Amino acid sequence: MTYRTVVLNAALVNYDGLAGYDRIADEVVIYDETPEELVLERVAGFDVVVTKEMRVSGEIIRQFPDSVKMICEAGTGYNNLDLEAAREKGIAVCNIPAYSSERVAHTAILLILSLASSLQKQIRMLADGNHDNFHRHLMVDHVEVNGKTLGVIGYGNIARQMITVAQALGMQVIVATRTPREDADGVHFTTQEEVFRRSDFLSLNCPLNEQTRHLVNAHTLALMKPSAYVINTARGPLIDEQALIEAIRDGVVAGAGLDVQENEPLDDSSPLYSMDTVIITPHMGWRGLETRQRLVRMVGDNIRAFAAGSPINRVA
């Protein structure tokens with residue numbers, strides 16, 4: 001059975017034309033972007049709707065035509081979709097888990113290594129024509145990561161990939177999860193509070209929901225070592241960004257590596273752009289070419305499995 005498919009915001013994944021959305025179904029219509037007021041018009045007559053981190057409210061989903069049988073979120077997180085509204089309409093919702101685990105994990109490790117070597121400061125010194133690091137002595141902080149404590153909140157696919165690399169680098173790993181676990185594979189499972197208190201690098205690897213929104217805030221930052229760094233490759237709103245900025249300015253924590261921000265794109269006036277101990281990247285963790293191509297292939301797998309009556313990766 002062939003399901004007519006519409007992609008509402010392909011440009012977020014296929015911005016260079018190399019991801020291959022045209023191959024996800026036998027009949028597919030692709031829009032680079034879709035404003036909210038055009039969503040209902042564009043899904044009319046289609047069986048499958050594909051989105052990527054695009055907010056689709058319950059009010060709109062409840063008005064979807066009866067032709068729509070499935071919404072496929074082209075990513076791991078699906079907090080942008082109103083699942084309850086989809087259930088009310090009898091629309092299945094699926095996601096794409098684990099398509100970017102290694103790439104996002106490597107981004108987190110990249111941020112850790114860069115912060116440990118003050119790479120941001122060094123690059124800015126070179127940009128300003130300051131060669132003191134070469135002609136005098138090393139003018140910036142430079143520390144080893146081996147022996148340091150990596151604290152992780154969450155223990156999904158990305159977290160486990162990152163832990164594997166961190167352990168290979170000689171880091172000690174402690175983890176806080178919703179479900180209590182026994183220590184295993186060199187990982188110590190403990191409380192969130194202990195993770196905040198002991199971490200030299202604190203990595204957020206949990207989903208965004210009402211319980212985790214602003215998990216990093218003025219109170220939890222105050223628990224941390226003044227030499228500690230916050231790493232976020234998950235979802236921006238896990239951090240109260242203003243509280244983090246103030247904590248860095250006041251020396252409560254040393255800095256941060258942020259591949260995601262509370263509001264994306266990050267406002268041009270944000271102090272995060274110019275802070276010496278903050279590295280920000282534009283939510284690039286999942287954007288490797290091979291990662292995006294894998295994502296699109298898995299979207300196609302979801303659609304074909306659903307059309308065959310054996311849905312996979314279903315979340316609602």
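Lysine 89 sits in helix H3, residues 83-89. Helices (H or I, at least four residues) and strands (E, at least two) are DSSP runs, numbered from the N terminus. The model is predicted, with local features requiring pLDDT of at least 70 and side-chain atom pairs pLDDT 80 or more, while totals for chains, interfaces and linings use all residues. Residues are numbered from 1 along each chain as its sequence is written, and side-chain values use heavy atoms, without hydrogens and water.

Lysine 89 is partly exposed because its relative accessibility is 30%; buried means under 20% relative accessible area, exposed over 50%, and partly exposed in between (1.4 Å probe, protein chains only). Not counting residues up to four places away in sequence, lysine 89 touches Ile61, Arg62, Phe64 and Asp66. Contact means heavy atoms within 4.5 Å.

The largest nonpolar core holds 31 residues. Such a core is a set of buried Ala, Val, Leu, Ile, Met, Phe, Trp, Tyr and Cys residues joined through side-chain atoms within 4.5 Å. Elements giving two or more residues to this core include strand E7 (172-176), helix H8 (192-198) and helix H10 (241-249). H10 gives the most, with 5 residues. Among the residues with the most contacts inside the core is Leu204. Leaving aside neighbours within four places in sequence, leucine 204 is in contact with residues including Ile153, Leu215 and Ile231. A second, separate core of 25 residues includes Leu150, Tyr155, Ala159 and Val175.

UniProt lists residues 111-285 as "domain: D-isomer specific 2-hydroxyacid dehydrogenase NAD-binding" (unreviewed entry). UniProt positions are in the numbering used here, feature names are shortened, and annotations may be inferred rather than shown by experiment. Residues 111-285 are 30% helix and 17% strand, with end C-alpha atoms 11 Å apart.
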